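Hello,

Here is the structure I promised to pass on to you. Please have a look at it first, and then read on for what turned up.

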Amino acid sequence: MIGLRKIISGILSTTVAISAMSFCAFAAETPDLPVWDGTVAAAFAGGSGTEADPYLISDGAQLALLMKNINDTTSEAAQATAGKYYELTNDIVLNDLANFDSWSTAAPANEWVPGGSVDNYIPKGFAGFLDGNHYEIFGLYIDNDDQYNGLFGYVYNGQVKDLGIGYAYVEGGSCTAALAGYVRASYDNIAAISGCTVRDSVVVGRNNVGAIGGYVEAVGGYVDSSDKYIESADNKVTFNCCANVNTKVSGNNYVGGLIGLAAAYGVNYSDDEFAIAFTDCANSGSISGKKGVGGIVGSSKDLVSSPQAGYGGKIAMSFRNCFNNGVIAATTPHVGGIAGTVGPQDRADSNVVTKIMNCYIIDGTADALYGYTEAATEANGSDIFTADEAKNYASFVGFEFDLNWIIADGTAPSLRVFGDAIADGKVTAQDVIDLLPIKAGAGGHKLYDFVNADIDNSGAFDLKDINLLMEYLKNKGAKAE
């Protein structure tokens with residue numbers, strides 16, 4: 001094996017005929033990093049937990065410490081991670097991936113204990129801010145019949161961004177996902193998941209199953225001692241630039257490429273605001289179940305908005321600029337490329353509004369954008385494309401190809417990943433090679449190629465971007481044959 005840095009250094013020193021050169025083929029491998037030993041660290045790698053000085057997490061033991069702190073929560077008013085900031089400083093390997101394909105029958109060394117659950121009606125959830133720094137967690141393994149399964153069992157008014165999960169095997173009961181089994185925003189709070197990807201993984205659950213989240217909930221009101229509804233309308237849950245890349249998700253009811261079940265209660269929003277919003281999200285994984293199966297969300301069917309049992313207000317859910325090219329299969333008609341079902345539970349309700357705006361699916365992945373609705377549902381600018389139509393970026397009205405999306409030659413759109421110049425959902429040394437002709441001024445590249453190559457977001461693609469990507473790959477342990 002020849003080190004990546006040595007090969008790239010040789011390439012960078014060559015000043016002629018860059019576009020005509022042939023290079024070695026690179027193969028992605030398990031990061032050359034220590035595998036977690038199953039222990040819990042006594043302290044983080046640094047930091048004080050403030051926004052300016054976040055707690056630093058560099059290995060599996062420190063990640064396990066974060067989960068322990070979440071699970072040590074004693075009351076809703078004393079969420080252990082509330083208002084605290086955390087940041088990954090490296091990729092993390094939780095298990096050796098050599099036998100990943102057999103994990104459904106033969107467990108690896110380390111089973112993950114998710115951070116968060118609901119214990120005697122007390123939510124124990126992640127209530128802080130985690131910046132994944134575009135790093136990836138490899139080898140997450142969970143296999144039990146419990147609820148609230150995932151890296152996080154429960155995200156409660158918390159936020160996670162720029163985090164990847166690769167080669168995870170998660171099997172559990174209801175509310176199961178690779179990233180978070182349960183995501184909730186309540187009473188003037190926000191829960192946000194952005195820039196997160198789950199790839200090349202397997203997620204199996206009972207009900208409410210997804211790659212990013214199992215059950216998502218926005219709660220906007222409560223009942224006081226006089227049974228009077230108290231409005232609280234500023235809470236919401238948002239998913240932005242999140243993707244399921246080649247991850248297989250399966251379950252019974254409410255199974256989604258990203259989210260299994262999304263529900264909102266008692267949230268009073270105008271037509272331009274949304275209690276739960278999905279923006280620039282994508283699925284290329286295979287999704288299967290019985291009822292309420294969708295490419296982005298399995299079901300939003302349990303929405304309730306009428307002033308009954310203490311809940312009230314106008315609820316709105318939105319899907320904007322979302323794309324599905326994964327096969328969606330269900331044993332009932334409640335199946336769709338974007339959502340399996342949308343609307344309130346078992347009744348028409350004019351207070352519930354679901355908007356599907358500029359969302360697209362590939363013909364053959366599902367028969368419709370959504371399978372069943374009892375709500376006021378709008379699908380403006382959305383369409384079903386043939387495979388050839390999906391290769392043309394001009395087809396996708398509303399998509400920001402200079403910012404969030406890319407179409408490589410002969411492919412459908414994919415969300416941008418840090419340094420992923422060839423847009424295959426992975427960052428490998430081949431991306432460096434593909435960036436070099438762009439830097440050398442070779443023709444035939446679209447504007448969004450240059451933007452995608454601007455890794456440090458300086459507004460220009462230069463050798464600093466190449467060096468950043470080289471350093472990133474060095475940390476990931478990429479090698480060349």
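**Two residues to begin with**

Ser 300 is part of strand E29, which covers residues 297-303. With a relative accessible area of 1%, Ser 300 is buried. Leaving aside residues up to four places away in sequence, Ser 300 touches Ala 262, Met 317, Thr 341, Val 342 and Gly 343. Please keep in mind that this is a predicted model.

Thr 89 sits in the loop between strand E4 (85-88) and strand E5 (92-93).

**Aromatic rings**

The count comes to 25 aromatic pairs. One of them joins Tyr 141 and Tyr 169, which are stacked at 6.0 Å centre to centre with 20° between the planes. Tyr 141 belongs to strand E9 (residues 141-143) and Tyr 169 to strand E12 (residues 169-171), so this pair ties together parts that are 28 residues apart in sequence. Tyr 141 and Tyr 169 are both buried.

Tyr 360 and Phe 385 have ring centres 4.9 Å apart and planes at 10°, so this pair is stacked too. Here Tyr 360 lies in strand E36 (residues 360-362) and Phe 385 in strand E39 (residues 383-385), so the pair ties together parts that are 25 residues apart in sequence. Tyr 360 and Phe 385 are buried. Ring pairs also link Tyr 360 and Phe 385 into a cluster with Phe 323, Phe 396, Phe 399 and Trp 405.

**Salt bridges**

How many salt bridges does the structure hold? There are six salt bridges, and these are among them:

- Asp 72 and Lys 68 meet through their side chains at 2.9 Å, N to O; Asp 72 is partly exposed at 42% relative accessibility, and Lys 68 is partly exposed at 42%.
- Lys 124 pairs with Asp 119, with the closest N and O atoms 3.6 Å apart; Lys 124 counts as buried at 16% relative accessibility, whereas Asp 119 is partly exposed at 35%.
- Asp 200 and Arg 199 meet at 2.7 Å, N to O, and both Asp 200 and Arg 199 are buried.

Glu 136 joins Arg 199 and Asp 200 in a network of salt bridges.

Technical notes:
Residues are numbered from 1 along each chain as its sequence is written. This is a predicted model: local features need pLDDT of at least 70, side-chain atom pairs count only at pLDDT 80 or more; totals for chains, interfaces and linings use all residues. Side-chain values use heavy atoms; hydrogens and water are left out. Rings of Phe, Tyr and Trp (its six-membered ring) pair if their centres lie within 6.5 Å; planes under 30 degrees apart count as stacked, over 60 as edge-to-face and the rest as tilted. Helices (H or I, at least four residues) and strands (E, at least two) are DSSP runs, numbered from the N terminus. Buried means under 20% relative accessible area, exposed over 50%, partly exposed in between (1.4 Å probe, protein chains only). Contact means heavy atoms within 4.5 Å. A salt bridge is a side-chain nitrogen of Lys or Arg within 4 Å of a carboxyl oxygen of Asp or Glu.
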